[in-house]
Amino acid sequence: TEIDGMLLKKVDDVNAFDIYKRYLNLQNDKDFFKNVLEFPLLLERDGEMIVRVPFCVYENGYIEFIADLKPGEKFHIGYEDPDIVIRNSKAIQDDLYDFSPNVIFLFSNICRRFSSQADIVLETQPYNLIAPTAGLYTYGEFCSVKNKILLQNSAIVVVGMREGEKRPIQKSSVADETLNAKASEQYTNKHSGIIYKLLHFIKTVSSELERSNRDLVKISGIDKTTQVYNRYKLDSLLQ
């Protein structure tokens with residue numbers, strides 16, 4: 001409800017930081033960025049889902065971002081699901097297979113590196129099986145989506161370049177290598193599995209709560225004895 005440039009001041013007339021403190025028990029200290037980067041804001045703009053990662057928080061509870069937000073936009077607090085990250089990476093690799101590049105460049109957000117830790121290799125290494133791969137970590141990634149230039153956070157932009165005709169690539173190797181790498185890292189990077197289970201619990205409980213709230217709203221408008229709309233619901237419909 002209140003934004004000044006890239007400074008998010010208030011959400012529903014409440015200081016922006018109070019939202020993160022209430023739902024994630026985060027503290028307004030020097031470690032805010034490290035603790036919040038796994039829980040960015042997810043919002044839809046021009047039909048596309050975009051991510052906004054908080055950068056720092058001020059004493060007054062205002063949160064600074066490195067990309068724009070707009071007044072009136074609705075958002076969710078997101079979280080990283082390691083399995084989805086790997087699955088999406090596999091889809092990108094399949095597209096690159098069809099293109100058959102000579103070289104690949106990765107522009108990945110530093111938040112992915114921090115949150116995935118050692119598991120980041122499960123996302124990046126398989127590209128080397130398609131073509132020689134290099135890249136860097138950034139704070140924001142520009143990409144073209146439906147002829148519009150978007151500044152993304154916590155994203156990865158993969159650029160494949162080729163000269164001449166396609167060259168044959170044995171497609172099965174990437175999937176096998178990714179699965180093998182994931183299996184070998186299962187115990188050395190156990191943190192992701194633990195976090196995933198915890199987040200799955202939170203997601204499940206949240207879904208149940210939302211379903212219960214919908215049921216309560218429905219019940220509140222129906223007379224228990226006659227099972228027809230009550231006065232409260234009829235007043236709302238008439239208006």
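Start with helix H3, residues 82-99, which lies across strands S9 and S13 and runs at about 10 degrees to S13. Contact here means heavy atoms within 4.5 Å; axes are lines fitted to C-alpha atoms, for helices over the stretch in contact, and angles run from 0 to 180 degrees between N-to-C directions. Helices (H or I, at least four residues) and strands (E, at least two) are DSSP runs, numbered from the N terminus.

This is a predicted model: local features need pLDDT of at least 70, side-chain atom pairs count only at pLDDT 80 or more, and totals for chains, interfaces and linings use all residues. Residues are numbered from 1 along each chain as its sequence is written, and side-chain values use heavy atoms, with hydrogens and water left out.

Which residues of H3 are buried? They are Val-85, Ile-86, Ser-89, Gln-93, Leu-96 and Tyr-97, buried being under 20% relative accessible area and exposed over 50%, with partly exposed in between (1.4 Å probe, protein chains only). Seen down the axis of H3, these buried residues fall within an arc of 120 degrees, so they line one face of the helix; the arc is that of the directions from the helix axis to the C-beta atoms. Arg-87 and Asp-95, on the other side of H3, are exposed. Just after the helix, Ser-100 has a positive phi of about 60 degrees.

Now the sheet. It is open and mixed, with three strands in the order S10-S9-S13; two strands pair if DSSP finds at least two bridges between them. S9, residues 103-109, runs antiparallel to S13, joined by six bridges. Phe-105 stands opposite Val-159 in S13.
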